[in-house]
2 protein chains.
Amino acid sequence: MSKNITELLRGNGFKVTPQRLAVYEVLANTKEHPNAEMIFSSLQATYPTMSLATVYKTIDILHEIGLVQILNAGEDSFRYDADMSNHAHVRCVECGRVDDVFDLDAAKVTREIEAGTRYRLTGQQFYFYGVCPECQKQGKAH
Amino acid sequence: MSKNITELLRGNGFKVTPQRLAVYEVLANTKEHPNAEMIFSSLQATYPTMSLATVYKTIDILHEIGLVQILNAGEDSFRYDADMSNHAHVRCVECGRVDDVFDLDAAKVTREIEAGTRYRLTGQQFYFYGVCPECQKQGKAH
DNA sequence: TATTAAAGAATAACGATTTTCGAATACCCG
DNA sequence: CGGGTATTCGAAAATCGTTATTCTTTAATA
């Protein structure tokens with residue numbers, strides 16, 4: 001990336017706080033697309049006083065300055081991803097895990113849609129649902 | 001369709017009630033992908049005593065017997081669609097309307113993904129975001 | 001038409017997210 | 001490097017969509 005988180009925060013008029021760096025670190029170092037609760041829990045050890053509200057407010061800022069994307073995979077809560085590349089997601093309907101799907105040319109599909117509808121498209125989200133390899137092995141597959 | 005709503009309800013062990021028929025009628029006669037609140041409001045005139053809880057429970061049943069699909073277009077509430085065909089949706093980020101996108105071969109994309117990941121896919125949802133033709137005319141476009 | 005299990009309406013409960021507001025602190029300036 | 005100040009933090013309460021509970025009504029069958 002061109003700028004690091006500290007520069008981006010300061011450049012957008014936000015203060016650089018340990019909490020913000022910590023929340024971003026969690027997101028940047030996992031591939032598990034955690035929700036707010038999961039981020040909160042994983043920070044309990046190092047930041048015992050941090051509240052869920054702070055996690056939400058921080059995510060809001062990180063999203064605003066383009067450092068995290070918000071996933072709405074049809075669950076009861078949102079998930080967050082520090083990987084800003086345009087990629088789809090697949091959720092296992094058995095265990096709930098959410099994985100990345102990189103081999104999909106979304107731009108091509110988007111161009112087709114833009115030609116078909118008369119919308120001027122600004123973004124898209126593709127979600128796939130199925131059973132992950134692990135759960136298939138578990139024999140839970142019917 | 002092969003069976004009508006009355007047969008489907010009864011065949012699945014559900015009673016056929018005026019409320020259920022009414023909720024389905026609303027969904028079947030609109031292309032606006034209403035959420036629960038919108039369905040509730042549009043039934044106020046004819047069913048002044050119906051409660052929101054009934055709308056939710058009815059939608060739940062209609063979804064269970066395969067008569068409506070649930071849309072999660074990244075808003076704060078769910079939308080519902082009586083068109084069960086596999087089609088994508090596009091939401092206008094200006095006015096909030098949700099339109100259908102039929103010209104997209106989702107099955108083909110799904111097959112590609114299934115080959116790439118090792119998931120066994122059971123479904124997918126594609127959502128596009130942009131500015132609808134009306135809002136583009138409004139000059140709100142930047 | 002009577003029986004009865006299921007459904008409706010009203011209300012309370014629930015969980016994720018947002019807001020409020022006094023206390024704490026990052027950052028600019030000297 | 002320390003002070004002043006606007007911003008942020010954190011705890012609690014509020015909000016909002018949705019779900020559960022309770023009690024009353026009703027559809028379906030004989």
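In what order do the elements of chain A run from the N terminus on? They run α-α-α-α-β-β-β-β-α-β-α, which comes to six helices and five strands. Helices (H or I, at least four residues) and strands (E, at least two) are DSSP runs, numbered from the N terminus.

This is a predicted model, in which local features need pLDDT of at least 70, side-chain atom pairs count only at pLDDT 80 or more, and totals for chains, interfaces and linings use all residues. Residues are numbered from 1 along each chain as its sequence is written, chains are lettered from A and ligands numbered from 1 in the order in which they are written, and side-chain values use heavy atoms, with hydrogens and water left out.

**Chain A as a whole**

The C-alpha trace of chain A spans about 45 × 45 × 25 Å along its principal axes. Of the 142 residues in chain A, 44% are buried; buried means under 20% relative accessible area, exposed over 50%, and partly exposed in between (1.4 Å probe, protein chains only). Among contacts in chain A with a separation of 6 or more, 46% join residues 24 or more positions apart, where contact means heavy atoms within 4.5 Å.

**The two copies**

Two copies of a chain are related by a rotation about an axis and a shift along it.

**The nonpolar core**

A nonpolar core is a set of buried Ala, Val, Leu, Ile, Met, Phe, Trp, Tyr and Cys residues joined through side-chain atoms within 4.5 Å. The largest one has 30 residues, of which Phe126(A), Phe128(A), Phe126(B) and Phe128(B) touch the most other members. At least two residues of this core come from each of β3 (88–92), α5 (106–116) and β5 (120–131) of chain A and from each of β3 (88–92), α5 (106–116) and β5 (120–131) of chain B. Not counting residues up to four places away in sequence, Phe128(A) touches residues including Val90(A), Leu104(A), Val109(B), Ile113(B) and Phe126(B).

Axes are lines fitted to C-alpha atoms, for helices over the stretch in contact, and angles run from 0 to 180 degrees between N-to-C directions.

| Helix pair | Angle | Axis separation |
|---|---|---|
| α3(A) (36–44) and α4(A) (52–64) | roughly 115° | within 9 Å |
| α3(B) (36–44) and α4(B) (52–64) | about 120° | 9 Å |

In chain A, Ala36(A), Glu37(A), Ile39(A) and Phe40(A) of α3(A) meet Leu52(A), Val55(A), Tyr56(A) and Ile59(A) of α4(A). By class, this contact has seven nonpolar, no polar and one charged residues. Ala, Val, Leu, Ile, Met, Phe, Trp, Tyr, Cys and Pro count as nonpolar, Asp, Glu, Lys and Arg as charged, and the others, Gly among them, as polar.

**His33**

Most residues other than glycine have a negative phi. His33(A), although not a glycine, has a positive phi of about 50°. His33(A) is found in the loop between α2 (18–28) and α3 of chain A, and counts as buried at 2% relative accessibility. In chain B, His33(B) likewise has a positive phi of about 50°.
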